[in-house]
Amino acid sequence: MILFFEGKDYKRTLLESIFGKEHARVISRGNLRDEKAVLDCVGYYYDPVHQHVFILPKVFYKNGKGFGFLELRDDSPITDSADFVQKMKDEGWAENLLTDLPIYLYQAIEKYRRREADTIATEKDAAQNVMSSKKGKTETSLMDVILSLRDFYEENQNLFILTYKQNHSGFNKVNWAKTIRTQQPVITGKSVIYPFVVNHRKEINYDEELLVLFFSTLKYINGEYHFGFVADQPYNLIPEKEFRRLLEKGKITKRLETIRSNYYNEKFVRLWELLFLFASKRSNISKAKEQEEFLIVRDFNIVFEDMIDVLLGDSDAPRSLVKQQDGKIVDHLFKGTSLTTGNRQVYYVGDSKYYKDSTALDGPALFKQYTYARNIIQTQLNWFNNGREHLKYRDELTEGYNITPNFFISGRVEKTYRFTSSELTLQPDEFDKNFQFKNRLFDRDTLFLRLYDINFLFALYAYVNRSQSVRTNFKAEAKQKFRDDFIRYIDNEHDFYLLQARKREDIRSVVDARFREINGKVFCPYDEGDANWGLLMMGLERDAYRENAGLLASLSEDFIIKEYHLGTEPYVYYNGLLNGVEASRTVALRDSFKDADGNFRRESVVIGCYNSPEQKRWILERKLYNVRFNEGRVGSVCRNTQQVFTASYLLLYDYSDRSADAECYLLTGKNKILNASVMQELDYPKTDWSGDEEYLAYGIGEKVSGRINVRDILERHPDVGDGRPLYLYFVEVKSFILE
């Protein structure tokens with residue numbers, strides 16, 4: 001076996017000596033007058049002189065070296081010599097790489113050629129029509145025959161066992177009826193002796209002869225081409241050297257012709273056909289040109305696209321979404337679970353990058369990828385307007401748009417990779433977010449893009465594997481991974497909240513009144529008529545904390561606002577909070593932090609202090625508890641908007657006596673940002689005003705019966721020793737509740 005690498009430059013004299021001048025010119029790139037040419041194709045070439053030649057994809061030509069470590073020469077290719085095989089092992093590459101990779105590569109190109117016969121760019125010798133023997137075609141390549149012989153062995157284990165048992169079960173059993181009828185006995189006294197007996201063994205066993213030829217052929221293939229076919233068999237085979245001589249002289253072919261009429265069993269007839277095809281192609285080496293085979297693809301990226309699409313894409317995806325009206329063609333399109341709720345589906349949009357190249361992942365590539373998603377959204381809206389079946393992207397209540405996952409996927413090979421592991425990995429590459437307006441996550445023009453790598457070896461293996469379950473299992477796992485990764489990425493970039501109108505029956509009027517404030521920022525994941533319709537999801541860019549704070553404070557008048565994290569079903573998350581309402585009630589402290597099932601709630605508690613009796617009196621009379629909100633001011637909470645704006649309880653302690661029990665109060669959820677002048681009008685007990693102070697003021701509700709000691713909590717958080725507020729989730733304070 002001879003190996004070349006796509007993307008490597010070789011001397012023209014070498015290419016012409018292996019492929020011939022005509023083919024060398026077709027498969028290489030460069031000026032015809034240049035001494036060297038770059039191979040810009042992938043594929044398979046065969047003639048009986050040079051035997052099997054493979055041009056490997058450029059994913060194996062890494063950093064200018066074959067397989068990342070091998071110095072390549074321009075005047076000679078790599079051969080699968082014992083020395084080379086050992087080097088591969090020493091470098092940590094899998095032992096079966098050199099035996100399986102060429103086979104899978106050939107099968108991938110051939111499969112694509114059959115799937116897209118009218119569009120693939122292949123070059124083959126005109127005298128040889130390369131077809132797949134697996135579908136009963138009359139003409140096949142030598143590689144097709146070899147693979148069919150391998151498949152026959154894997155699929156017919158029971159046939160081999162049964163044949164052997166049947167042929168050997170009567171070796172020592174005497175056929176007395178035939179012996180008495182045909183043999184002359186010797187009579188001695190009262191004894192009758194038959195010196196010659198007849199047993200059940202045939203003089204000529206044609207089944208065994210065919211199987212001996214079959215297993216001898218597999219052994220020859222292993223030794224000649226290093227394909228690694230392992231065959232367990234009980235026969236005495238023809239020595240490899242003798243088999244080669246008989247094969248090349250055409251004597252195997254002649255023997256097969258002689259015994260053809262002895263087979264009627266369908267499987268043995270099929271085996272005879274395969275052996276005859278193989279022997280015919282390997283005899284008469286002098287006619288090398290006539291036996292030349294050539295299967296090359298100039299643009300392997302189109303094969304890689306098909307590989308990934310078979311693994312990921314929906315075969316029934318609407319043609320108008322794949323081949324879009326502006327002429328753009330989407331590589332991969334499949335329905336997947338929405339990022340906002342498990343009750344909806346959206347289209348995931350993918351684009352293959354056969355070989356990761358940073359220059360190919362910006363500019364036009366980004367523009368096209370974002371345009372794919374915009375076109376899909378618009379088409380779904382057109383179908384909605386025309387009454388056609390569609391996926392729901394736009395929420396009619398808020399006019400927000402669902403999130404569309406968008407991704408690149410490229411092939412990758414590492415020496416630790418194996419054929420059966422996908423190694424589907426999210427890469428750290430960041431792409432500029434596409435948007436029209438800042439801080440509008442649910443706007444139709446806000447689009448995100450991520451990059452994935454997939455094990456190229458696995459993609460080959462899964463693409464050609466005869467088991468559909470390999471592809472089905474991968475697709476299910478990949479869909480879940482895409483969704484989880486996008487959720488994690490977007491949730492890390494945004495603060496999410498769940499909003500429920502304080503008067504649920506007024507949700508439409510509240511949304512209409514607040515439309516300019518919330519447009520593009522909120523989305524209702526449920527359809528009208530659903531029990532959870534009206535529960536809104538809001539996503540705010542984390543770095544716009546000051547803008548977000550003002551919006552949250554304003555919206556708290558009309559909405560109950562709860563912290564949320566993307567990835568949990570919204571209504572399930574919300575119902576696990578404080579009953580989904582802020583009712584005025586008196587609750588026992590020991591029960592207030594737990595839901596009906598005894599689980600600690602997901603909500604937050606603010607642990608704050610007062611410095612004097614006058615300050616405490618002001619807090620309880622005004623029903624307000626204020627924390628500093630000036631950026632840069634000591635103790636300010638202006639950057640921690642998510643937990644700060646969704647706190648449900650206040651644990652109020654005396655700063656001068658932190659060992660005393662704290663009092664617990666419900667928070668109404670109605671928050672305000674107040675400046676110095678407003679605080680002065682409210683008679684806040686402070687004398688040294690600078691005039692630029694800002695405060696976030698919590699509305700205080702009912703007092704909770706019971707007390708809790710916060711001394712241990714404060715000791716665990718020494719950074720709040722100066723009196724600044726501390727925000728914790730209920731689960732973090734559960735061990736300090738007084739029963």
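The legends below describe close-up views of a predicted model.

**View 1. The largest pocket and the residues around it.** In this predicted model, the largest pocket holds about 760 Å³ of space. Its lining is made of 26 residues, and those closest to its centre are Arg115, Glu116, Asp306, Asp309 and Asp331. At least two lining residues come from each of α4 (97-115), α12 (300-312), α13 (319-322), β14 (332-337) and α16 (468-493), with α12 giving the largest share, six residues. Sorted by class, the lining of the largest pocket contains 11 charged, nine nonpolar and six polar residues.

**View 2. The second largest pocket.** About 490 Å³ of space lies in the second largest pocket, which is lined by 20 residues, with Asn611, Gln615, Arg628, Tyr684 and Gly723 the closest to its centre. Strand β24 (residues 624-628) supplies the largest share of this lining, four residues, and by class the lining of the second largest pocket has nine nonpolar, six polar and five charged residues.

**View 3. An open sheet of four strands.** The strands follow the order β20-β21-β19-β22, and their pairing is antiparallel. Because β20 (522-523) and β22 (559-564) stand at the edges with a single partner strand each, one side of each has no neighbour in the sheet. Two bridges join β20 to strand β21 (residues 536-541) in the antiparallel sense, and here Phe523 stands opposite Met537 of β21.

**View 4. Two helices lying across strands of the sheet.** Helix α16 lies across β19 (494-501), β21 and β22, and runs at about 85 degrees to β19. Helix α19 (residues 545-555) also lies across β19, β21 and β22, running at about 155 degrees to β21.

Note on methods. Residues are numbered from 1 along each chain as its sequence is written. This is a predicted model: local features need pLDDT of at least 70, side-chain atom pairs count only at pLDDT 80 or more; totals for chains, interfaces and linings use all residues. Side-chain values use heavy atoms; hydrogens and water are left out. On a 1 Å grid over the protein atoms alone, a cavity is a set of points where a 1.4 Å probe fits but cannot get out, and a pocket is an open set with protein on both sides within 12 Å along at least five of seven lines; lining residues have an atom within 4 Å of a point. Grid points are joined across faces, edges and corners, and a volume is the space filled by probe spheres set on the points. Ala, Val, Leu, Ile, Met, Phe, Trp, Tyr, Cys and Pro count as nonpolar, Asp, Glu, Lys and Arg as charged, and the others, Gly among them, as polar. Two strands pair if DSSP finds at least two bridges between them. Contact means heavy atoms within 4.5 Å. Axes are lines fitted to C-alpha atoms, for helices over the stretch in contact, and angles run from 0 to 180 degrees between N-to-C directions.
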